[in-house]
Amino acid sequence: MSQIDRSLKAFENTTEWADLIAALDKLNKVLLAHMKYPIIPRRIVISKRLQQCMHHALPSGVHLKALATYDVIFKCMGTNRLAQELFLYSAGIFPLLGNAAMNVRPTLLTVYETHFVPLGERLRPALNGLLAGVLLGLEEGSDHFERTNKLLESICEAVQPTLFYGSLWECIASNASIRLPAITFILQHVQKKLPLSEQSYIFGSDLDVVVTAVCSSVQDSKILVQRNALDFLILAFPMDIDLAKQGFCDNDRIELTVAGVYVLLRRDMSLNRRLFNWLLGLDVPAVQYNSKPRQH
């Protein structure tokens, strides 16, 4: 305990980023010397210091050293204790990927793959935050796109698809910054050759959230988000299907239609073409639709 206190004292005298690296080095040495103990002393203070070291304005050297500290802590704790104390450490790690330097991203993804995915369904309390953080790094054409995509697929398998997509729709409904990568991910993982009755997990467990998320996306300020949202409408909510028999109510159809018509205000040909395809059923393949009944 006294060694931890002394190492934490070093953080109080930092004036520049090099001092933070030195302080993290001292903390790492103490933790590595006591790897056999699963309980981390002063864990609340340590988590706050690490969160400060993950600030996006700091250089990549500080981020890498802090991630090394997270890795040591998670190895000490083990899976069971990490599941219990995930809330302490997630605040520092989750927001980093979207702002991380290219040399930091592989290390951060390794931490996710090594320590978070094995938690399985115990990730549920932190799932929305984890998805929001990972999706910020899902940029098509980037060096780490495939690895980030595989990480999301691993998380989906670990927590079960229905729970995963339910959280994904909640993120889309409440977080505009991740709508584009989130809807893109969904569209890429809908199997077009299979009826949706065999992919009902895509809609999660709450249809109200799906409707809210799609409406918000269709009315988003970014055209790319609107395009993807309309593509999803064409695929999942065709006008020639009686959605009322599939768990939706008439108000859901009205909400989606009103939100869809909104895109006409953009006067964009690509949006108008998608909207008319959806409303008129043009160039739309026949899709068997079936979804889980609404939960009241």
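Two exercises with worked solutions follow.

This is a predicted model, in which local features need pLDDT of at least 70, side-chain atom pairs count only at pLDDT 80 or more, and totals for chains, interfaces and linings use all residues. Residues are numbered from 1 along each chain as its sequence is written, and side-chain values use heavy atoms, with hydrogens and water left out.

**Exercise 1.** Find how many residues of helix H6 are buried, and what covers them.

*Solution.* Start with the terms: helices are DSSP runs (H or I, at least four residues), numbered from the N terminus, and buried means under 20% relative accessible area (1.4 Å probe, protein chains only). Next, go through residues 127-135, which make up H6: 7 of the 9 are buried. They are Leu127, Leu130, Leu131, Ala132, Gly133, Val134 and Leu135. Finally, look around them: the cover includes helices H5 (105-116), H7 (145-159), H8 (161-174) and H9 (179-189), counting as contact heavy atoms within 4.5 Å.

**Exercise 2.** Describe how the rings of Phe74 and Phe116 are arranged, and what their pair ties together.

*Solution.* First, the rule: rings of Phe, Tyr and Trp (its six-membered ring) pair if their centres lie within 6.5 Å, with planes under 30 degrees apart stacked, over 60 edge-to-face and the rest tilted. The whole structure holds 14 such pairs. Phe74 belongs to helix H4 (residues 60-93) and Phe116 to helix H5, so the pair ties together parts 42 residues apart in sequence. Both residues are buried.

Definitions and conventions: Buried means under 20% relative accessible area, exposed over 50%, partly exposed in between (1.4 Å probe, protein chains only). Helices (H or I, at least four residues) and strands (E, at least two) are DSSP runs, numbered from the N terminus.
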